[in-house]
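User: I'm new to this one. Could you take a close look at a single part of it and then show me how the chains meet?

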Amino acid sequence: MAIYDSEEEQLEAVKAWWKENGTSTIVGVAVGIALIAGWNYWRTHQQEKTSEASNIYSQLVKSVEANNPGAVEPLSKRLQAEFGGTSYAAYSGLQQAKLKVQKGDLAGAKAVLQEVIGQSNKELSHIARLRLVRLMLATGEYEQGLQLINEVDPAVKAGFSASYDELAGDLYVAMDRIDEARTAYQNALNSGGQSPLLKIKLDDLTVPEPVPVAQPVKDSK
Amino acid sequence: MLTTIREKTQGAFAWVILLAIGIPFALWGIQNYIDAGKVAPVASVGDKDFYQNDVNRAYEQYAQQFRGLGVDEQTLKAQALDKLIKDEVLLQYAHAKGLVATDQEARDFIKNLDYFKVDGKFNEQRYKSLLSAQRMTSNEFVARIKNALIMQQLQESISDTGFATPYDVESFFKIQNQQRDFNYVTVALPKLTEQPSNEEINAYYQQHQDQFKTSEQISVAYVELSLDAIAQKVEVTEDKLKAYYAEQKDQYSTPERRKISHILFAVTKDTDEKAALAKAQKAKAELANKDFAKLAAEVSDDKLTAKSGGDLGLFNAGSMEKSFEEAVGKLKLGEVSEPVKSSFGYHLIKVTELVPGETKPFDSVKAEVEKAYRKAQAESVFYDSGEKLAEMSYENPDNLDAVAQALGLTVNKTDFFTKAAGVGIAANPKIREAAFSDEVLQGNNSAPVEVSSEHVVVLRKLDHKPAAIQALDSVKAGIVAQLQAEKAKKQALEKAQKLKEALRSGETLANLAANEKLDVKTLTGYTRSKTEIPDALSEAVFKAAKPQAGKPTILIAELPGGSQAVASLTKVTPGVMSEDDKKKMDLATKNIAKAFGQADFNAMLATLETDADIEVTQPEVGEAKTQE
């Protein structure tokens with residue numbers, strides 16, 4: 001920057017600069033303000049929206065707790081319609097599926113869970129898938145259940161792999177494919193499966209010792 | 001034990017809330033938050049850092065739940081840190097997924113917290129004072145509660161939506177109530193008469209040297225300086241005590257309590273001094289037949305106190321203007337002063353409660369006075385001697401006698417103790433640490449060890465035994481017993497295996513048992529929940545393969561003590577629901593559903609943890625704290 005000799009010169013320089021750049025400065029500031037305002041508006045709008053979704057979902061949970069399934073359906077529909085894609089829409093799907101199972105409507109529960117799988121983030125989608133397969137186990141659609149499990153890329157299963165493996169084991173047991181069931185349960189145990197039943201289910205499938213042949217078998221244990 | 005912990009934590013999401021609330025209301029003040037900036041974080045999740053203070057606080061909360069269960073501190077600390085990390089992971093996920101709690105929910109929640117209730121009702125006053133005591137604004141607190149609420153919302157949406165199908169329930173009972181029929185014999189340990197050979201004993205000794213190691217031991221000589229001991233030696237006379245008592249009279253007195261009320265006639269723009277005085281005098285006259293409190297309510301210009309009859313509460317000397325205080329000092333109980341002038345205007349003052357101050361007579365507190373006197377006298381001696389102790393023990397590093405003589409102390413001795421444990425003075429870890437320090441092991445006096453602020457010790461090595469391996473002779477008996485036991489077990493196992501082979505090739509257990517003079521026990525319809533046989537056998541039976549083609553499965557199980565059970569599993573029957581189970585069908589379904597839901601949630605949390613950027617920089621959490 002040049003060094004000015006007097007205040008007048010400084011003033012002149014400022015005026016000249018303003019003449020040249022004044023308009024763009026004003027426009028720039030105006031655009032900035034508009035952007036900030038717009039962003040704030042958008043955020044407030046989003047917050048209000050999620051608050052409303054949260055509110056509806058809370059009512060839904062209260063209805064579930066109060067054992068009033070009639071009230072759940074419309075609330076859930078509203079969440080799906082107006083707030084589709086939010087976590088609340090997915091949670092309401094899980095709630096609905098549970099109610100349907102309790103009423104014995106397994107087919108209805110399946111349809112709901114299918115939807116949750118389609119629209120949710122990956123964690124919820126895993127949970128919905130596991131639950132859907134458990135329904136298939138109950139309705140005898142074993143092959144389809146296995147296929148749903150096999151569709152999942154093992155790389156993205158992460159913490160869910162033990163659950164998937166255990167469920168696959170259950171399906172194989174139902175199909176009387178004991179060797180595969182054993183492998184599946186063993187995999188579940190290896191990937192840290194904690195279900196208290198898992199160990200019992202695996203122990204129940206112990207391989208028999210080979211039948212002794214003519215020569216006596218030396219068996220250490 | 002660990003299952004108890006897991007059960008208690010699972011589902012008990014309340015912990016998060018407890019923590020959110022507990023943090024502000026625990027005893028630690030704000031300085032913990034400020035100090036946190038200076039030290040390195042212990043762990044971090046994403047861009048959130050946790051400091052030692054956070055972990056300690058979480059531990060305090062966590063420990064309260066498990067106090068009395070006998071879980072060790074390190075385990076609890078590790079779990080508290082783990083929980084802290086898990087909660088943070090969950091919170092960040094909840095935020096990322098746009099979960100929110102509404103103001104109304106947060107408000108409802110807060111209003112139902114016992115912390116803020118007075119007589120069973122939410123109390124605004126209490127809420128505000130508790131928050132301000134923690135220098136926390138209501139907004140900050142509400143934000144914390146909202147966080148806890150969305151975490152709860154997230155967890156419950158997964159774990160409470162689990163369900164169990166009829167198939168799930170049926171298969172559960174099929175396996176849980178499964179029945180197994182089997183019979184078994186027990187092969188006891190044989191009694192051995194033959195002694196093991198010297199070669200065997202020697203070989204065992206050579207191979208198991210670790211077992212026969214003794215720890216390093218030391219015994220020390222020490223001198224100790226303690227305030228108590230010095231206090232006992234202080235010379236005490238009646239005169240000295242009386243003088244001390246006179247000096248410290250405040251300690252043995254309770255001050256006077258005066259509760260006062262006043263009526264103010266303020267001097268303002270509209271009311272000059274004269275007018276105010278006139279009003280005061282008029283009021284004073286009225287008091288002859290009017291209650292002071294009532295009049296205060298009507299005419300006092302101190303509107304704050306007027307409502308309560310002019311009550312100013314307990315009077316503290318030094319908090320009012322001089323003229324006011326003097327007037328108060330002269331009043332008797334119930335008496336009303338003449339108008340008193342202060343910078344506010346004119347006051348009428350009344351003493352409503354007067355408990356005169358009291359000084360306990362010397363004789364009644366003599367013991368107390370003596371104790372305090374001794375301690376006071378001893379303190380200066382203690383500090384002087386402490387300095388001398390440090391100096392002289394350093395200047396004469398090869399003995400304690402010089403310092404003992406100079407300070408009139410006796411040199412005491414300890415027995416041998418190890419780094420890990422000792423008795424008497426060696427029970428103190430600081431003493432043991434000093435005893436095994438390089439300087440002491442090399443034969444010098446230790447630096448003064450501050451056992452407490454009133455107790456200092458200097459010690460030196462008497463005798464030292466390095467870690468060693470015990471001589472064969474001293475451990476021979478133990479080795480013989482060990483070898484005998486191993487041999488007996490081996491023989492029992494060999495016999496069990498012979499029985500097993502015979503059974504597998506078609507012999508019946510009844511025949512074999514008759515030959516060997518063994519008892520056959522037969523159990524039918526045995527289930528997992530029964531407890532008639534040792535756990536080890538029950539486990540082995542339920543782990544055994546199912547009988548194939550009518551051929552029983554033969555198994556061996558080692559029982560406690562080393563005897564061997566040989567069992568023949570003949571039949572496995574799938575479980576069915578008992579009548580009792582059917583009655584509890586709803587409950588069973590609920591429990592299975594809950595377990596599924598919980599498993600889903602845990603799997604989700606594990607996935608989030610894998611994906612999150614977690615760093616734990618200090619695996620031994622809270623080491624410093626355990627040193628206390």
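Analyst: Let's begin with A:Trp18, which is partly exposed, its relative accessible area being 43% (buried means under 20%, exposed over 50%, partly exposed in between, with a 1.4 Å probe and protein chains only). This is a predicted model, so local features need pLDDT of at least 70 and side-chain atom pairs count only at pLDDT 80 or more, while totals for chains, interfaces and linings use all residues. Residues are numbered from 1 along each chain as written, chains are lettered from A in the order written, and side-chain values use heavy atoms, without hydrogens and water.

A:Trp18 sits in helix α1 of chain A, residues 7-65 (helices are DSSP runs of H or I, at least four residues, numbered from the N terminus). Together with A:Trp17 and A:Ile26, A:Trp18 makes a nonpolar surface patch of about 360 Å² (residues with over 30% relative accessible area and no salt bridge, nonpolar side chains joined within 5 Å; areas by Shrake-Rupley with a 1.4 Å probe, only the protein chains shown counting as cover).

Now for the interface. Chain A brings 49 residues to the contact and chain B brings 46 (heavy atoms within 4.5 Å). The two chains bury about 4200 Å² between them, 56% of it on carbon and sulfur atoms (accessible area lost on being put together, 1.4 Å probe, summed over both). On the chain B side, B:Phe163, B:Tyr167 and B:Arg504 lose the most area to chain A, together 16% of what that side buries.

There are also 6 salt bridges across this interface (a side-chain nitrogen of Lys or Arg within 4 Å of a carboxyl oxygen of Asp or Glu). A:Asp204 forms a salt bridge with B:Lys546, their closest N and O atoms 3.0 Å apart.

Notes
Patch = residues over 30% accessible without salt bridge, like charges linked within 9 Å, V, L, I, M, F, W, Y side chains within 5 Å. Helix = DSSP H or I, 4+ residues; strand = E, 2+ residues; numbered from the N terminus.
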